[in-house]
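This report covers helix packing, chain contacts and nonpolar cores. The structure comes first, then the details.

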Amino acid sequence: MRYAIFLGCTVPVRNLSYELSARRVAAELGIELADIPDFGCCGYPVKSVHHETSLLLAARNLSLAEEKGCDVCTLCSACTSVLTETARQLAADEGLLEEVNRRLGAIGRRYSGKVQVKHLARVIYEDVGLERVKKTVRRPLDAFRIASHYGCHYLKPSGIYDGFDHPEVPRSLDMLVAVTGAEPVDYATKKECCGGAILGVDENIALQMSRAKLDDIKAHGADAINLICPFCSVMYGANQRKIQAKYGTRYDLPILYYPQVLGLAMGIDAEELGLSQNPIKPKALLAKIS
Amino acid sequence: MESGTWGEKDRAVVTVLDPEFKHEIAREPGGENIKYCFQCGTCTSGCPVAELDSRYNPRRIIRMAILGMRERVLSSDFIWLCSTCYTCYERCPQDVRITEVMNALKNMAVKAGYIHPAFRAQAELVGGHGRLYEIDEFTNEKRAELGLPALQSDLVEAVEIFGMTGLADLLSRKGA
Amino acid sequence: MSCHRAAWRRAAPGQQTSDARCGEHGKRGQRGACAADEASRPHSDTCDVTQRWCDGAMRASTPQPRIGVYVCHCGLNIAGVVDVVSVREAASLLDGVVIARDNKYTCSEVGQKTIADDIRNFALDRVVIASCSPRLHEKTFRTLLEKCGLNPFLLEMANIREQCSWVHPGDAAAATEKAKALVRSAVARARLLVPLSRSQGRVVPKAMVVGGGVAGISAALYLANMGIKTYLVEREPSIGGHMAMLDKTFPTLDCSLCILSPKMVEVAEHENIEVLSYSEVEKVDGQVGDFRVQLRRKARYVDEAKCTGCGQCASKCPVRAPDEFNRGMGERKAIYIPFPQAIPPVYVIDVEHCRYLTEGKCRVCEKVCERGAIALDQTDRVETVEVGAIVVAAGFEPYDASKKPQYGYGRYPNVITSLDFERIICADGPTHGKLKRPGDWAAPKRVAFIQCVGSRDEHRLDGAGAYCSRVCCMITAKQAFMIKEKDPAIEVYVYHTDMRTAGKGFEEFYRRARAQGIVFIRGKPGEVRGEPDGSLRVVCEDIDSGCVLDMRFDLVVLAVGLAPPRGLAELAQRLNLSHSADGFLLEGHPKLRPFETSIDGVYLAGCVQSPKDIPDSVAQAGGAAAAAAATCSRERIEIDPLGPVIDEQLCIGCRLCETLCPYGAIKMEKTDRGYKARAVEVACKGCGVCGASCSTRAITMKHYSTSQLVAQAEALLEVG
């Protein structure tokens, strides 16, 4: 299992704990992650503004991966959707691929349309499989109740994700949590959007969107939120205090990236998983398992 | 909700419609299926933004687009409120692909000279060094401390793309 | 092969040569003799059919054929693209063409008269018509030729519409050249056409109706009243179909079983109808007028002749199973009758749940039955029935709402479908007609209906249909009305995209529904959320007011669409029927042949052709019955001569044709010279697979001979 790890824009600068834990856990699971230092923006932030630019940015990244002979493993859900969509479009539409290659040619690149893209969580779920993951668990997290946030781009639009999970009744993240021994918490707003994409457009609406989920998760008594996207972590993590202040609520809800959850269950030291870097410190949580 | 009421401007009687607008949208990547919409409202009823603010109503936006209210739609603030959650895209019974239609409308707005400042800012960042967040020496040092590999600083190729496609020019224009 | 072809070519017009005589089946190179030599030998006596056929070829092919070519404008359909005049001019120059014309509408009275006059005045013995697809007018023109004293198989048609002008609208020049090539090809074949005669097929003066719902019941009654013995085959233990499950019917609010039950009894008692219940069609052989249908008569484990329907057995049976007639709400016994008015009123044992049939214990029913009607050693029986015509009335099944998990069907007990609702509100149902919700059997105070679940929907992967199911708007209006009748205080909201109430009395009913205070909301919810207090939350924009409504309901009814019934693909395959894109069965013509199919003798009635309501189903059943009756009241069926001609001298008994024939229409028979292929005319569809695959070229098709096809190809390619 060898993938080029696509860090995106946010993770390698602002969510180093996600990257740290992802690499650590991947190594434990036998997923080889190759680095491509000149991977750039996936194109998502520009898609609303200029589709062609977004497409070319994505295609350039795919051509870099192809050159290295790798498929792509992503950490951010938005990156996953743009890169997966682009990979599929170019694989299916010869005319478009030709057009794209004309443009890429001007920057000395070429893409032949064969790269596959998968989110790390899906790689663990599908390629490694729950059985094998279970075998790596040395410290079952029985004391934890964890609510998974699926978010939007991990599963939608469903047409590009080969039906590996169902956007209306998703299970993959809950099963990935369950395999660590933790109890997956089900809650009504599980599928709701974090609002991150419009934080800069209308902070009020975005915060309200995140607030609804934090309220719900808190009401269900979860110990932590399981996340797989840095955008979402901006909302539930970095902005948690802002929401608390604005609405007079209190959550103190630690956010964990899935590799951190799995890493803890594997018995890996919290520091190695970058837990001290998480926006809401999971002190009480960690106390439960020491 | 005050911010969300259907304003005076919106209630004015419309006398001019552009019948070509919907075809233009259909020619834009992502907008191909807009004309299939039969106004069932499934999109709005699942939309997390619409639930909070009636200013954003995907069904109504598509209605205005198909009717041909070009100026009103492209110059509006509401088209920028889509959080791209794809719920409408999944549920639409007519495969209109609303999220992508919304992207198409935003693309057309940019070409018409209207771009939301938040999106302009993001585009300028990516157009400047190929990423949203600049990778500089400091960033790579911090990464090295944690045992993480360094990343390439200036992605010249990515920046060139902005020039090639004309987005750099669009951004340099004065606008919204 | 080249030898014989060369022989044919060398024959000058008017010259009768032995080569020409055997143009169709002279010996081939492998026997080491030249075609011309062989041709002078007399044919074997066993070659009867081919002898007659060859003679016919000779008579028709000499003297030089006199061909009339008619190029049709078809208004602008053809002439709008193809230059018909230049096609006609090119045709007039071809060998053997005596007269060529172009006409506005060849199929019209005027057009046909022109041809008739020409046949007489120019002594034409072949007619080529370049026009629309033969599927439309081949029959018409063959009849014309017959009226003029010509053999009807001396007609050739070139399709310059569906296969030319309609598919090349943008390139007139190329389309015209193509039309000329097609006409050239048709003339080349016409030269080689031979007169053929139809054979006669027997007609069994009986009919079969597959499906015992209201459409099937109606078709059977119409047929029976015309004096035609009819088998009514139904796979469930009782006839009645979905109509038997309904409480009331729109727009009159007649009690459904009250109007259906007398029909069901009429069917049971009619001297011309035999009800074959709990039976399925397994195999169909034969053709129009002469079908052999193999049925599986499933074992009831109850003797139909002895059972009086008293119900003693069920009252003592210890096993309970979910009641499918009540959609799983409620239970029945392992020995049961589906509903009280079942026809036949005979009990049936459920193989999956019966303790005896699964574990070998119990047999209580046998002990208590005073008639000795229990027959636990019964097995399925296979029976073959002969009929002249078949009406397919296999109905529909409701869309499975669990395929759209966002609406919560299967997850929240108080989200139900319209059919579930019908059972609840029915006096015979699990609540004896009391309006109660399945979750806790409490009375709901606020009910929502959601329309178009599984219809008007592009989600193929969810099994949804793109079509409108036509009846759900009225079903909901009816059900909403019935709720208000039971208790006007109950709030009812109907979430819809459109309200389609087009039938007779429907709009008036919709008005009454509004007057009852039912609120019709234009807006389709994307999901139903179950709240912790058991209520169902629906967030949806009311488009007409522009407000997003966030409402709580006690009961949500999903108006599910109508989908093709389970097992339709298998049934269609057995009858050689096609499906339309929506999965239902394809009618002969969408406008003019709504209850015929492309298979002669097989007709359609009811929802199996397309979703429709009861009056439309009954009307279509009447039409299908009339057509079926016309078929099986005939003395004989004329079978077109499309089958194979087998030269037994060439046949080496390799069995390739028998293996490949999809219809079992060619069989090897032992003769004193080894196994030889023989055609089974009644089964033959004239597909030509045998002719194409014969390893020794012993088979040629009567009306599509090898040399005709070769001549057509050569003319198209302008070679030779």
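## Helices α10 and α11 of chain C

Helix α10 (residues 214-225) of chain C packs against helix α11 (residues 256-269) of chain C at an angle of about 45°, and their axes are 10 Å apart. That angle makes α10(C) oblique to α11(C). (Angles under 35 degrees count as roughly parallel, over 145 as roughly antiparallel, 65 to 115 as roughly perpendicular and the rest as oblique.) Axes are lines fitted to C-alpha atoms, for helices over the stretch in contact, and angles run from 0 to 180 degrees between N-to-C directions. Helices (H or I, at least four residues) and strands (E, at least two) are DSSP runs, numbered from the N terminus.

The crossing of α10(C) with α11(C) is left-handed: the near helix is turned anticlockwise from the far one by less than a right angle, whereas clockwise would be right-handed. On α10(C), the contact uses C:V214, C:I217, C:A220 and C:L221; on α11(C), it uses C:L260, C:K263, C:M264, C:E266 and C:V267. Contact requires C-beta atoms, placed from the backbone, within 7 Å. Seven of the residues in this contact are nonpolar, none polar and two charged. (Ala, Val, Leu, Ile, Met, Phe, Trp, Tyr, Cys and Pro count as nonpolar, Asp, Glu, Lys and Arg as charged, and the others, Gly among them, as polar.)

## Model and numbering

This is a predicted model: local features need pLDDT of at least 70, side-chain atom pairs count only at pLDDT 80 or more, and totals for chains, interfaces and linings use all residues. Residues are numbered from 1 along each chain as its sequence is written, while chains are lettered from A and ligands numbered from 1 in the order in which they are written.

## Helices α16 and α17 of chain C

Helix α16 (residues 472-486) of chain C and helix α17 (residues 506-515) of chain C meet at about 35°, with axes 10 Å apart. Their crossing is left-handed. C:M474, C:A477, C:A480 and C:F481 of α16(C) face C:F506, C:F509, C:Y510, C:R512 and C:A513 of α17(C) in the contact. Eight of the contact residues are nonpolar, none polar and one charged.

## Chain B

Chain B has twelve helices and zero strands. Its C-alpha trace spans about 60 × 35 × 30 Å along the principal axes. Among contacts in chain B with a separation of 6 or more, 69% join residues 24 or more positions apart.

## Chain contacts

Chains B and C meet through 19 residues of chain B and 15 of chain C. The largest share of the chain B side, four residues, comes from α3(B). By class, that side has five nonpolar, ten polar and four charged residues.

## Nonpolar cores

A nonpolar core is a set of buried Ala, Val, Leu, Ile, Met, Phe, Trp, Tyr and Cys residues joined through C-beta atoms within 7 Å. The largest has 147 residues, and A:V72, A:L83 and B:L105 have the most contacts inside it. Leaving aside neighbours within four places in sequence, A:V72 touches A:Y3, A:A4, A:F6, A:A65, A:L83, A:V115 and A:V117. A second, separate core of 138 residues includes C:M243, C:V392, C:F584 and C:A624.

Methods: Two residues are in contact if their C-beta atoms, placed from the backbone, lie within 7 Å. A residue is buried if 20 or more other C-beta atoms lie within 10 Å of its own, exposed if 12 or fewer, and partly exposed in between; C-beta atoms are placed from the backbone.
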